[in-house]
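The tour goes from one selection to the next and says what is found at each stop.

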Amino acid sequence: MRISAHMVCSAVRDDIVSGFFPPGSRLTEELLARRYGVSRVPVREALRTLESEGFVVSRRHAGACVARPTEQEAADLLDIRALLEPLGTARAARRRTEAQLRVLRGLVRLGLQRAESGRLSDLRALDDWYHETMARASGSPSLASLLTQLRRKITWVYAAEPPLRAVAVWREHGAIVDAVARGDAERARVLAGEHVERSVAVRREQRPVAARRPPEKPGEESETRRKHTV
């Protein structure tokens, strides 16, 4: 079976997000072709796509490497999420289908059960499924694509949210889905905004795990090193 560039792209992206390829890692065509059992052609196309998405950078004489976003770039991801996710949720309240609503209700029910029973290992996958379904329910493929890509980047750059918030997160999801089911776009927007605000507040307390600090100004490096050696 011929493996498409899209499939290779998804596989490489998943390996970057999971940390298998850490920031700064070289991504040679030979290495990737061997890992995924494909020729170099789909690998080359996949790397171009991942570079356009910001997961990969190409360096002269070094080839493709996993990107190292700055802490400011990581913070910008949270700001963009705060703007786009409430918009997508409000549109979902106007445009969702009955099938999408059934999926959302099922995911909330399952997520809440898992959170309340302490079975947390499945929650990230369920949360991703919930948000991707909500994004598609917006009826805007462009917006859904942006939201999905944004979540992947945030998952890559930041550590998972503390499990202590798991039950609260799924109750918030449930309230949002109720508003979407009623077709109350304004209420859905407000609830989604509050949900994102809480999530962003938690993220901002974390140092981005895949981000790098901005270059130090002349004279600051020695001071930083002294602090770490005290």
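**Stop 1: a strand residue**

Select Ala-64, which is found in strand E2. The model you are looking at is predicted. Is Ala-64 buried or exposed? Ala-64 has a relative accessible area of 12%, and the cut-off for buried is under 20%, so Ala-64 counts as buried.

Now show what surrounds this residue. Not counting residues up to four places away in sequence, Ala-64 touches Ser-25, Arg-26, Leu-27, Leu-47, Val-56, Val-57 and Ser-58. Take Ser-25 from that list and draw a distance between the two C-alpha atoms: Ala-64 and Ser-25 are separated by 8.5 Å, although they stand 39 residues apart along the chain.

**Stop 2**

Which residue of E2 stands opposite Arg-59? It is Gly-63.

**Stop 3: the whole chain**

Zoom out and colour by secondary structure. The protein chain has 10 helices and 2 strands. Followed along the sequence, the pattern reads α-α-α-β-β-α-α-α-α-α-α-α.

How many residues does the chain have, and what percentage count as buried? There are 230 residues, of which 42% count as buried. Of the contacts between residues at least 6 apart in sequence, 75% join residues at least 24 apart.

**Stop 4: an arginine in a loop**

Select Arg-96, in the loop between helix H4 (71-95) and helix H5 (98-116). Arg-96 is buried, because its relative accessible area is 19% and buried means under 20%.

Show the side chain of Arg-96 and follow it to Ala-181: the side chain reaches the backbone oxygen of Ala-181 at 2.8 Å. Ala-181 is also one of the residues that Arg-96 touches, together with Leu-101, Ala-137 and Val-180, when residues up to four places away in sequence are not counted.

**Stop 5: a histidine in a helix**

Go to helix H8 (residues 166-182) and pick His-173. His-173 is buried, with a relative accessible area of 0%. Leaving aside neighbours within four places in sequence, His-173 is in contact with Val-108, Asp-127, Tyr-130, His-131 and His-195.

**Stop 6: the cavities**

Rolling a probe the size of a water molecule over the atoms shows where empty space is left. A search of the whole structure finds 2 cavities of 30 Å³ or more.

Begin with the second largest cavity, which holds about 40 Å³ of space. Its lining is made up of Glu-85, Thr-89, Tyr-130, His-131, Met-134, His-173, Ile-176, Ala-192 and His-195. H4, H6, H8 and helix H9 (185-204) each give two or more residues to this lining. H6 gives the most, with 3 residues. By class, the lining of the second largest cavity divides into 4 nonpolar, 4 polar and 1 charged.

Next, select the lining of the largest cavity: Glu-85, Gly-88, Thr-89, His-131, Glu-132, Met-134, Ala-135, Leu-147, Thr-148 and Arg-151. The largest cavity has about 90 Å³ of space. H4, H6 and H7 each supply at least two residues of its lining, and H6 gives the most, with 4 residues. The classes here are 3 nonpolar, 4 polar and 3 charged.

**Stop 7: a pocket**

Finish at the second largest pocket, with a volume of about 240 Å³. Select Ser-10, Arg-13, Asp-14, Val-17, Ser-18, Arg-124, Asp-128, Glu-132, Thr-148, Arg-151, Arg-152 and Thr-155, which line this pocket.

Helix H1 (5-18), helix H6 (123-137) and helix H7 (141-157) each supply at least two of the lining residues. Which element provides the largest share of the lining of the second largest pocket? H1 does, with 5 residues. Colour the selection by class to see 1 nonpolar, 4 polar and 7 charged residues.

Technical notes
Residues are numbered from 1 along each chain as its sequence is written. This is a predicted model: local features need pLDDT of at least 70, side-chain atom pairs count only at pLDDT 80 or more; totals for chains, interfaces and linings use all residues. Side-chain values use heavy atoms; hydrogens and water are left out. On a 1 Å grid over the protein atoms alone, a cavity is a set of points where a 1.4 Å probe fits but cannot get out, and a pocket is an open set with protein on both sides within 12 Å along at least five of seven lines; lining residues have an atom within 4 Å of a point. Grid points are joined across faces, edges and corners, and a volume is the space filled by probe spheres set on the points. Ala, Val, Leu, Ile, Met, Phe, Trp, Tyr, Cys and Pro count as nonpolar, Asp, Glu, Lys and Arg as charged, and the others, Gly among them, as polar. Two strands pair if DSSP finds at least two bridges between them. Buried means under 20% relative accessible area, exposed over 50%, partly exposed in between (1.4 Å probe, protein chains only). A polar contact is a pair of N or O atoms within 3.5 Å; within protein, one must be able to donate a hydrogen and the other to accept it, and residues adjacent in sequence count only if both atoms are side-chain atoms. Contact means heavy atoms within 4.5 Å.
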